[in-house]
Amino acid sequence: MLQVDTRQRPRLMEIIDNLRARVHEAQKQGWLGEVQGLGVSLEAAEAKLTSLDRRGRIDLGLPSVRCHG
C-alpha cells in the first residue's frame, strides 16, 4: 500500500470533499451503480486520511510538574 506524504493532506481533503459531493449528486439522480463505486472510493480516501493522521501524531509523553518552594 502506498503511503501519502503528510504535506498532501489538504489535497486529500479536497478529494474527499469532491467524492462526497459526487455521491450526493449520484444519489439525487438515482445512479445506484455510481453511488456504490463512489462510495468505495470515498471509503478508501477516508481510510488513507485516518492512516495519515495516525502517522502524523507524535507522542510527547506526560508533562512534568515542577514544584517551586
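This report covers the helices, the nonpolar core and the salt bridges of a predicted model.

## Overall make-up

The protein chain has 69 residues, of which 16% are buried. Its secondary structure consists of 2 helices and 0 strands. Helix 1 covers residues 9–29 and helix 2 covers residues 32–56.

Of the contacts between residues at least 6 apart in sequence, 64% are between residues at least 24 apart.

## Helix 1

Helix 1 has 21 residues, which at 1.5 Å a residue should span 30 Å. The C-alpha atoms at its ends are 30 Å apart, in agreement with that expectation.

The buried residues in helix 1 include Leu12, Ile16, Leu19, Val23 and Ala26. These five cover an arc of only 90° around the axis, so they sit on the same side of helix 1. On the face turned away from this buried side are the exposed residues Pro10 and Lys28. After helix 1 comes Gly30, which has a positive phi, near 80°.

## Nonpolar core

The largest nonpolar core has 11 residues: Leu12, Ile16, Leu19, Val23, Ala26, Val35, Leu38, Leu42, Ala45, Leu49 and Leu52. Helix 1 and helix 2 each contribute at least two residues to this core. Helix 2 provides the largest share, 6 residues.

Leu12, Ile16, Leu19, Val23 and Ala26 of helix 1 are buried, and these residues are also listed in the core. Val35 is another core member. Apart from its neighbours within four places in sequence, Val35 contacts Val23, Ala26 and Gln27.

## A salt bridge between the helices

Side chains of opposite charge can pair when their charged atoms come close. There are 6 salt bridges in the structure.

One of them joins the side chains of Arg9 and Asp53, with an N to O distance of 2.8 Å. Arg9 belongs to helix 1 and Asp53 to helix 2, so this pair ties together parts that are 44 residues apart in sequence. Arg9 has a relative accessible area of 32% and is partly exposed. Asp53 is also partly exposed, at 26% relative accessibility.

Arg20 and Asp17 form a salt bridge in which the closest N and O atoms are 4.0 Å apart. The two residues are 3 residues apart in helix 1, so about one helical turn separates them. Arg20 is partly exposed, with a relative accessible area of 42%, and Asp17 is partly exposed at 43%.

Lys28 and Glu25 also meet through their side chains in a salt bridge, at 3.7 Å from N to O. This pair is likewise 3 residues apart in helix 1, which means a separation of about one helical turn. Glu25 is partly exposed, with a relative accessible area of 31%. Lys28 counts as exposed because its relative accessibility is 59%, and the cut-off for exposed is over 50%.

Technical notes
Residues numbered from 1 in each chain as written. Predicted model: local features only at pLDDT ≥ 70, side-chain atom pairs only at ≥ 80, totals over all residues. Heavy atoms only, no water. Helix = DSSP H or I, 4+ residues; strand = E, 2+ residues; numbered from the N terminus. Buried < 20%, exposed > 50% of the residue type's maximum accessible area, 1.4 Å probe, protein only. Core = buried A, V, L, I, M, F, W, Y, C linked by side-chain atoms within 4.5 Å. Contact = heavy atoms within 4.5 Å. Expected span 1.5 Å × (residues − 1). Arc of directions from axis to C-beta.
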